[in-house]
Amino acid sequence: MPNVVVIDDDRSVCEMIRRSLEKIDLVVSTVSRADDGLNSIRKESPDVVLLDIMLPGTSGLDVFQKIRDIDRKLPIIFITAGSDSSTAIK
């Protein structure tokens, strides 16, 4: 079964994503901290990561680089509630 790791500090977002993806038979792991997300990626070898741009104490863009060090081919989808276009350009 395909597996997804969600890294987002907003519990309601994590829960909404988990419920939606489990309906289509995906295994979903949710974490609220970057370090926990990196550990989940190392342990679970997910098929895709949903990554929040703004995390406590770090940027999702910094976490993106660390994920790339673990697995360069792992698909990463950025998610955010912010509307800052400069972040999207980066």
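I began with the charged pairs and found that the structure holds four salt bridges. I note that this is a predicted model.

I looked up Glu15 next. Glu15 forms a salt bridge with Arg18, with 2.3 Å between the closest N and O atoms. Both residues belong to helix 1 (residues 11-22), where they sit three residues apart, about one turn of the helix. Glu15 is partly exposed, because its relative accessibility is 28%, and Arg18 is partly exposed at 22%.

I then followed Arg18 to Glu22. Their side chains meet in a salt bridge at 2.6 Å, N to O. This pair also lies in helix 1, four residues apart. For Glu22 I read 36% relative accessibility, so Glu22 counts as partly exposed.

I checked a pair further along. Asp36 and Arg33 form a salt bridge at 3.4 Å, N to O. Asp36 has 32% relative accessibility and Arg33 has 47%, so both count as partly exposed. I also traced shared partners: Glu15, Arg18, Arg19 and Glu22 are joined by salt bridges into one network.

I turned to the charges as a whole. The protein has 12 positive and 15 negative charges, and their mean positions are 3 Å apart.

Last, I looked up the fold. I counted four helices and six strands, in the order β-α-β-α-β-β-β-α-β-α from the N terminus. The radius of gyration is 12 Å, which agrees with the value near 12 Å for a compact globule of 90 residues. Buried residues make up 38% of the 90. Of the contacts with a separation of 6 or more, 67% are between residues 24 or more positions apart.

Technical notes: Residues are numbered from 1 along each chain as its sequence is written. This is a predicted model: local features need pLDDT of at least 70, side-chain atom pairs count only at pLDDT 80 or more; totals for chains, interfaces and linings use all residues. Side-chain values use heavy atoms; hydrogens and water are left out. Helices (H or I, at least four residues) and strands (E, at least two) are DSSP runs, numbered from the N terminus. The radius of gyration is taken over C-alpha atoms; the globule rule is 2.2 Å times the number of residues to the power 0.38. Buried means under 20% relative accessible area, exposed over 50%, partly exposed in between (1.4 Å probe, protein chains only). Contact means heavy atoms within 4.5 Å. Lys and Arg count as positive and Asp and Glu as negative; His and the chain ends are not counted. The place of a charge is taken as NZ of Lys, CZ of Arg, CG of Asp or CD of Glu.
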